[in-house]
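This briefing is for a reader who is meeting the structure for the first time. Please look at the sequence and the model below before reading on.

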Amino acid sequence: MTGHTITQEAADTAAQTTVTQSRAARELGLKRGEFELAVMLGRIRTVSDTVGGRRRVTREEIERVRAAEGFPEAMVERIRAVGTTEGAALMDISTARFTRLTRAGFVTPVKFYLNRYRAVVWLYLAEELTQFAEAEVNAGLLTGRAPSTIRAQLEAGVDLRARNWRGRHAGALLRQSDDPWERAAAVASLLDPVQIAEIIKDPYERAYVRRLVPEPFGQGAPESPAVRIIQKITTADDPDEIRWLRANLTISLSQARGHRPAPRPGPKPGPGPGPVDSAPEPASDPQAELDARPSPHPAPGREATRTGLLAALPEEEPREQAPEPRGLLKWLRRRGT
C-alpha cells in the first residue's frame with residue numbers, strides 16, 4: 001500500500017469523524033461569531049487534518065459540548081461579549097471610568113470590529129467583567145480617585161487595549177496549533193514583514209511560514225483605510241512586545257526545523273520523467289529577491305557570497321594587458337607627460 005493511499009484513507013476517516021466549523025456551529029445552535037469566540041477561548045476544541053488546512057470539529061467534541069450542564073444557555077452566557085456601555089453597567093461604574101480601566105490594561109478585550117465610521121469598537125467578556133467587579137482587591141479601582149501611577153500613564157496617552165488583545169490572540173493561536181511550523185507562523189502573524197525577514201533569512205522558510213499564517217482579519221485592498229487600521233491593531237508596536245515575539249519566533253523556528261525542513265523545490269526535471277517540485281519558487285517575495293543579490297559590502301557576520309548565484313556566473317577571463325611600449329615611442333610618451 002503506497003503512502004498516498006494511506007494518506008487518502010486517513011483523510012477519508014477524518015472526514016467521517018469530523019465536521020467543518022460552520023456545520024458544527026449549526027448543530028450546536030450557535031451564531032458564527034459566538035462559535036468563533038468559543039473556539040478562540042478554548043471552550044470548543046478543534047483538530048487539524050492537514051498542516052495549514054482549516055481546522056475541524058470532532059463528533060465527540062460536539063457531543064461533549066451538548067452534554068454540558070445548562071447547554072446551550074450556559075455556553076452562550078460564558079461567551080457573551082459586551083461593549084463599553086454594557087460593560088460599565090455590569091460593573092456598576094461610569095463609561096469614562098470603564099474606558100480608563102481598559103486603557104490601563106486592567107481588563108483585556110476579547111475581540112474588536114470597525115463600525116461604519118471606521119472607529120474601533122472593543123468587546124469584553126461579560127463573565128470576566130463580572131468577576132473583576134466582584135473581587136474585593138479591585139474595589140479601590142471602581143470607586144474614588146484612581147491611583148497616581150494610573151493617572152500618569154493615562155495622561156501620557158498609554159492605551160494597552162490593542163497590546164493586551166494581541167497577547168490573548170497569540171495564546172489562542174498557539175493553543176490551536178499542533179504543528180511546529182504552524183506555531184511559528186502564529187507568532188510571525190503578529191510581527192511586521194521587516195521583523196520576519198530579519199529572523200527568517202531563508203526565503204523558502206519565509207514563504208512556507210507566510211503560507212501557514214492565519215487568515216487576516218481585514219478583507220479588502222491592502223491600502224484601504226479599514227485594512228490599515230486593522231493591521232495597526234494586529235501588528236506589534238511596543239518594543240518589549242516585539243522583543244518577546246522575536247525571541248519566541250526564534251525558538252519556534254528552531255523547533256520546527258528540528259521537526260522537519262521547510263519544503264523546497266526539487267531538481268529540475270530532464271527530458272524524461274523526473275521529480276516534481278515540492279515547493280514553488282518564492283519569486284514573488286521582494287525580500288527573497290533582495291536576499292539573493294550579492295552585497296558589495298557584506299556586513300560582519302553575514303554571508304558575503306551567494307553560492308547558487310556565483311556558481312551560475314561564468315568566471316571572468318583575465319584581460320590581456322597591452323605590451324609596454326619600448327624604444328623611441330616610450331621615450332616620446334615620457335616627454336609628453
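Predicted model: local features only at pLDDT ≥ 70, side-chain atom pairs only at ≥ 80, totals over all residues.

Residues are numbered from 1 along each chain as its sequence is written, and side-chain values use heavy atoms, with hydrogens and water left out. The protein chain has 19 helices and five strands; helices (H or I, at least four residues) and strands (E, at least two) are DSSP runs, numbered from the N terminus. Of the 337 residues in the protein chain, 31% are buried, where buried means under 20% relative accessible area, exposed over 50% and partly exposed in between (1.4 Å probe, protein chains only). Among contacts (heavy atoms within 4.5 Å) between residues at least 6 apart in sequence, 65% join residues at least 24 apart.

**The sheet**

- Three strands form an open sheet in the order β3-β5-β4, with antiparallel pairing; two strands pair if DSSP finds at least two bridges between them.
- The edges of the sheet are β3 (81–82) and β4 (111–114), each with a single partner strand, so one side of each has no neighbour in the sheet.
- Strand β5 (residues 120–125) pairs with β3 over two bridges in the antiparallel sense, and Leu125 in β5 is the bridge partner of Ala81.
- β4 and β5 also pair in the antiparallel sense, over four bridges, and Val120 in β5 is the bridge partner of Leu114.
- The hairpin of β4 and β5 has five residues between the strands, and Arg118 takes a positive phi near 60° there.
- Helix α8 (residues 126–134) lies across β3 and β5 and runs at about 65° to β5; axes are lines fitted to C-alpha atoms, for helices over the stretch in contact, and angles run from 0 to 180 degrees between N-to-C directions.

**The nonpolar cores**

- A nonpolar core is a set of buried Ala, Val, Leu, Ile, Met, Phe, Trp, Tyr and Cys residues joined through side-chain atoms within 4.5 Å.
- The largest such core has 22 residues, and those with the most contacts inside it are Met91, Ile93, Phe98, Leu101, Trp122 and Leu129.
- Two or more residues of this core come from each of α6 (84–91), α7 (95–103), β5, α8, α9 (139–142), α10 (148–155), α11 (161–175) and α15 (225–234).
- With three residues, α8 gives the most to this core.
- Another core lies apart from it and has 21 residues, including Ala170, Leu191, Leu212 and Ile242.
- Leaving aside neighbours within four places in sequence, Trp122 is in contact with Val82, Gly83, Pro109, Lys111, Phe112, Arg161, Ala162, Trp165 and Ile233.

**Aromatic pairs**

- Rings of Phe, Tyr and Trp (its six-membered ring) pair if their centres lie within 6.5 Å; planes under 30 degrees apart count as stacked, over 60 as edge-to-face and the rest as tilted.
- By this rule there are four aromatic pairs.
- The ring centres of Phe98 and Tyr124 are 5.3 Å apart and the planes are at 90°, so this pair is edge-to-face.
- Phe98 is in helix α7 and Tyr124 in strand β5, 26 residues apart, and the pair links distant parts of the chain.
- Both Phe98 and Tyr124 are buried.
- Phe112 and Trp122 form a tilted pair, with 5.5 Å centre to centre and 55° between the planes.
- Phe112 is in strand β4 and Trp122 in strand β5, so the pair ties together parts ten residues apart in sequence.

**Helix α14**

- Seven of the ten residues of helix α14 (residues 203–212) are buried, so the helix is mostly covered, given that buried means under 20% relative accessible area.
- The buried residues are Tyr204, Glu205, Arg206, Ala207, Tyr208, Val209 and Leu212.
- Asp202 caps the N-terminal end of α14, with a side-chain oxygen 2.8 Å from the backbone nitrogen of Tyr204; a polar contact is a pair of N or O atoms within 3.5 Å, and within protein one must be able to donate a hydrogen and the other to accept it, while residues adjacent in sequence count only if both atoms are side-chain atoms.

**Ser94**

- Ser94 is found in the loop between α6 and α7, and counts as partly exposed at 40% relative accessibility.
- A polar atom of the Ser94 side chain lies 3.2 Å from the backbone nitrogen of Arg97.
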